[in-house]
Amino acid sequence: MTKDAISLSRRRLLQGGSAIMAAGLAGAPALAKAPTIGTQAPYFYRFKLGNAEATIVSDGPLPLGDPTQAFLGLSKDEIARQLDSNFLPLQNAVLEQNALIVNTGSHLVLFDTGMGTAKDFGPTTGKLLNSMKQAGIDPKDIDAVVMSHAHIDHLGANVGDDGKSNFPNAQFYIQQSDLEYWTDEKLAGGPLKSFLAQAKKNLLPVRDRIVFIKDGQEFLPGITAIGAPGHTVGHTIFNIQSGGKSMAYIGDLTHHPVLLMEKPLTEFAYDTDPKQSAQTRVRLLNMLATSKTPIVAYHFAWPGFGHVAKQGDGFRYYPEPMNMAL
Ligand SMILES: [Zn+2]
């Protein structure tokens with residue numbers, strides 16, 4: 001473009017701008033012809049793992065509120081620095097809920113079921129069944145519901161408000177210690193009483209279909225439990241293998257792609273044993289970083305699929321580019 005052409009197009013731009021302003025001032029309709037649409041893409045993401053097909057289905061965003069109340073042991077300034085340098089808001093830590101479904105060829109396995117109808121974290125949760133519908137997956141076809149732990153945001157859609165399971169043909173998998181802890185009436189009067197109520201609602205009606213899993217056990221073909229205690233007593237992450245490929249579903253090993261990663265000994269307010277949780281986090285993130293195993297992280301930014309690598313005293317999360325070609 002010549003200098004003259006540049007100044008000509010600049011003049012046209014300016015003229016166009018004043019025409020738009022004049023139209024706006026006169027109350028004329030906007031120049032854009034199409035209305036805005038206001039809907040979003042379906043809330044699932046699909047990819048291959050060896051011979052298996054993986055689908056991440058969302059239960060919707062879970063806003064935790066003020067990050068200084070949930071992430072403990074860091075100064076307010078340090079929290080602000082970490083969030084600001086990652087272009088994240090300072091006032092509200094919004095987690096995602098990325099449930100994973102794996103079709104292994106022999107089993108259709110769902111990892112965690114979201115908040116269900118509970119609204120303890122506001123109205124944006126509870127989307128799992130709708131996301132599954134968008135993904136073309138019928139809850140009746142789920143063979144196994146695998147729970148990383150018995151917290152409210154990981155088992156909430158096991159059972160509907162009518163007391164019947166949303167997954168009528170599934171077996172349910174969890175560590176025995178977590179079932180016992182979160183259905184124990186000693187929690188009834190405490191601050192986590194709604195966690196107790198949700199665990200009872202979502203575990204007891206399917207009690208006869210629950211299979212207890214143990215650290216190191218390959219309890220379904222290609223799916224191995226890895227004990228990750230601290231966040232809860234029986235918190236578990238999973239190694240998933242197919243056709244020579246593997247990945248890890250890491251549940252709540254870390255809740256935030258920055259705040260529990262840069263300084264992984266930071267403590268999390270919802271941990272049953274925050275010190276043990278932090279040690280477990282460092283040990284298993286080290287393992288995943290060293291082996292370069294891809295991860296699905298339940299609470300990371302959508303869709304929560306990527307890698308962890310060591311960085312400084314901690315870790316950094318690298319999201320995998322989404323591949324929509326499949
Ligand atoms: Zn969680």
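What volume does the largest pocket have? The largest pocket has a volume of about 300 Å³.

## Basis of the description

The structure is a predicted model, in which local features need pLDDT of at least 70 and side-chain atom pairs count only at pLDDT 80 or more, while totals for chains, interfaces and linings use all residues. Residues are numbered from 1 along each chain as its sequence is written, and side-chain values use heavy atoms, with hydrogens and water left out.

## The largest pocket

A pocket is defined on a 1 Å grid over the protein atoms alone as an open set of points with protein on both sides within 12 Å along at least five of seven lines, whereas a cavity is a set of points where a 1.4 Å probe fits but cannot get out; lining residues have an atom within 4 Å of a point. Grid points are joined across faces, edges and corners, and a volume is the space filled by probe spheres set on the points.

The largest pocket, of about 300 Å³, is lined by 18 residues, and the closest to its centre are Asn 86, Pro 257, Val 258, Tyr 317 and Pro 319. Its lining divides into 12 nonpolar, 3 polar and 3 charged residues. In this division Ala, Val, Leu, Ile, Met, Phe, Trp, Tyr, Cys and Pro count as nonpolar, Asp, Glu, Lys and Arg as charged, and the others, Gly among them, as polar. Strands E17 (305–311) and E18 (314–319) each supply at least two lining residues, and E18 gives the most, with 5 residues. Helices (H or I, at least four residues) and strands (E, at least two) are DSSP runs, numbered from the N terminus.

## The cavity

The count comes to 1 cavity of 30 Å³ or more. Of the 13 residues that line the largest cavity, Phe 121, Asp 153, His 255, Phe 268 and Tyr 270 are the closest to its centre. About 100 Å³ of space lies in this cavity, and its lining comprises 7 nonpolar, 4 polar and 2 charged residues.

In helix H3 (residues 76–85), the buried residues are Glu 78, Ile 79, Gln 82 and Leu 83. Seen down the axis of H3, these buried residues fall within an arc of 125°, so they line one face of the helix; the arc is that of the directions from the helix axis to the C-beta atoms. Buried means under 20% relative accessible area, exposed over 50%, and partly exposed in between (1.4 Å probe, protein chains only). Lys 76, Asp 77 and Asp 84 are exposed on the other side of H3. The buried residues of H3 pack against helix H2 (67–70) and strand E4 (71–72), with contact taken as heavy atoms within 4.5 Å.

Phe 87 is found in the loop between H3 and strand E5 (94–95). Although Phe 87 is not a glycine, it has a positive phi of about 60°. At 77% relative accessibility, Phe 87 counts as exposed.

Two strands pair if DSSP finds at least two bridges between them. In strand E6 (residues 98–103), 5 of the 6 residues are buried, so E6 is largely enclosed by the rest of the structure. Strand E2 (residues 52–58) runs antiparallel to E6 and is joined to it by 6 bridges; the bridge partner of Val 57 in E6 is Ala 99. A further 4 bridges join E6 to strand E7 (residues 108–111), also antiparallel. Here Leu 100 stands opposite Phe 111 and Asn 103 opposite Leu 108. E6 and E7 form a hairpin with 4 residues between them, and Gly 105 in the turn has a positive phi of about 105°.

Both faces of E7 are covered, with Leu 108 and Leu 110 buried on one side and Val 109 and Phe 111 buried on the other. E7 also pairs in the parallel sense with strand E8 (residues 144–146) over 3 bridges, where Val 109 stands opposite Ala 144. Asp 112 lies in the loop between E7 and helix H4 (128–134). Its phi is near 70°, a positive value in a residue other than glycine, and Asp 112 is buried, with a relative accessible area of 0%.

## The seven-stranded sheet

An open sheet of 7 strands has the order E11-E12-E13-E14-E16-E17-E18, with mixed pairing. Strands E11 (218–220) and E18 stand at the edges, each with a single partner strand, so one side of each is left without a neighbour in the sheet. E11 pairs with strand E12 (residues 223–227) in the antiparallel sense over 2 bridges, and Glu 218 has Thr 224 as its bridge partner in E12.

Pro 303 lies in the loop between strand E16 (295–296) and E17. The peptide bond from Trp 302 to Pro 303 is cis, with omega near -5°. Most peptide bonds are trans.
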